Amino acid sequence: MSNRRPYVRSMDGWWKRDAYFIRYMAREVTALFVAAYAVVLLVGVLRLSQGQAAFEGWLQALKSPLSLVFHLILLATFVYHTWSWFNIMPKTMPIMFVGGKRVQPGTITGTGLAASVVACLAVFFIVRGMN
Amino acid sequence: MKRSNEPIFWSLFGAGGMLAALIGPALVFITGIAVPFGLILAPDTMSYAHMLAFSQHWAGKCILLAVIALFLWHAAHRIAILLHDFGIHAVAIVKIFCYGSAFLGTVVTAYILLTIRA
């Protein structure tokens with residue numbers, strides 16, 4: 001055994017070293033909030049299957065101030081998810097050509113964001129129209 | 001050569017990420033803010049009667065399952081990578097935990113939806 005102790009650079013807090021990594025981390029961490037929202041909905045579906053009293057308890061829980069704060073945080077992270085999702089899309093999707101010209105990254109991001117504004121408004125008005 | 005199972009998980013991740021990016025903000029606003037606090041939408045939008053009817057219809061079941069399951073698969077994939085980023089390199093355990101949770105969530109949701117009958 002040698003007594004050599006080679007220097008190993010610590011990886012602790014590696015993602016704080018660079019603005020690019022911080023953005024990467026912010027984008028990836030939204031997953032925790034997406035999972036949390038899925039669980040909220042899953043509990044809602046479960047309570048729905050257990051009858052009216054159970055479901056109304058779930059609805060009542062949504063009216064608490066804590067739930068409001070939680071959902072405001074969720075909303076902010078979902079909006080960030082949308083923004084970051086289409087921001088990296090030029091890198092995650094195959095290169096696309098239209099009329100022999102490569103589609104520019106800004107066009108892909110812009111189209112995605114526009115699509116999501118349209119989709120969100122559509123969902124909102126469909127839900128409003130159902131009642 | 002053994003085929004990689006990565007495309008399956010990546011497809012689910014991508015589908016969930018796309019669905020969340022397209023309609024996620026609207027869903028959170030509707031279910032968590034607008035309906036509970038009576039903003040813009042009618043307070044009875046998510047009443048028991050309305051949601052029961054929604055979940056009894058096959059299209060409603062499909063929408064609920066798609067949103068819950070794909071959001072879970074999307075998150076599972078990213079959380080698996082996040083754990084690696086924070087120095088947890090037990091790949092098999094991480095994958096079983098993350099994808100296993102998403103799988104469980106999917107099966108449970110599907111089962112619950114099937115028990116809701118007209």
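1. Helix against helix. α1(A) passes α4(B) in a left-handed crossing (left-handed if the near helix is turned anticlockwise from the far one by less than a right angle, right-handed if clockwise). Axes are lines fitted to C-alpha atoms, for helices over the stretch in contact, and angles run from 0 to 180 degrees between N-to-C directions. On the α1(A) side the contact uses A:A38, A:L42, A:V45, A:L46 and A:S49, and on the α4(B) side B:G105, B:T109, B:I112, B:L113 and B:T115. These residues divide into 6 nonpolar, 4 polar and no charged (Ala, Val, Leu, Ile, Met, Phe, Trp, Tyr, Cys and Pro count as nonpolar, Asp, Glu, Lys and Arg as charged, and the others, Gly among them, as polar).

2. Basis of the model. This is a predicted model, in which local features need pLDDT of at least 70 and side-chain atom pairs count only at pLDDT 80 or more, while totals for chains, interfaces and linings use all residues. Residues are numbered from 1 along each chain as its sequence is written, and chains are lettered from A and ligands numbered from 1 in the order in which they are written.

3. α4(A) and α1(B), the latter residues 6-34, pack at an angle of about 40°, and their axes are 7 Å apart. α4(A) is therefore oblique to α1(B). The crossing here is right-handed. From α4(A) come A:A115, A:S116, A:A119, A:C120, A:V123, A:F124 and A:V127, and from α1(B) come B:A21, B:L22, B:I23, B:P25, B:A26, B:L27 and B:I30. By class, the residues of this contact are 13 nonpolar, 1 polar and no charged.

4. The interface as a whole. Chain A contributes 40 residues to the contact and chain B 42 residues, where two residues are in contact if their C-beta atoms, placed from the backbone, lie within 7 Å. On chain A, α1 (19-49), α2 (52-62), α3 (65-92) and α4 (105-129) each supply at least two residues. α1(A) gives the most, with 13 residues. The side of chain A that touches chain B has 28 nonpolar, 8 polar and 4 charged residues.

5. Chain B overall. Chain B has 4 helices and 0 strands; helices (H or I, at least four residues) and strands (E, at least two) are DSSP runs, numbered from the N terminus. The radius of gyration of chain B is 17 Å, well over the 13 Å that the globule rule gives for 118 residues, so chain B is more spread out than a compact globule. That radius is taken over C-alpha atoms, and the rule is 2.2 Å times the number of residues to the power 0.38. Its C-alpha atoms fill a box of roughly 55 × 30 × 20 Å along the principal axes.

6. One loop residue to check. B:I40 has a positive phi of about 60° although it is not a glycine. Most residues other than glycine have a negative phi. B:I40 lies in the loop between α1 and α2 (48-56) of chain B.

Technical notes:
Angles under 35 degrees count as roughly parallel, over 145 as roughly antiparallel, 65 to 115 as roughly perpendicular and the rest as oblique.
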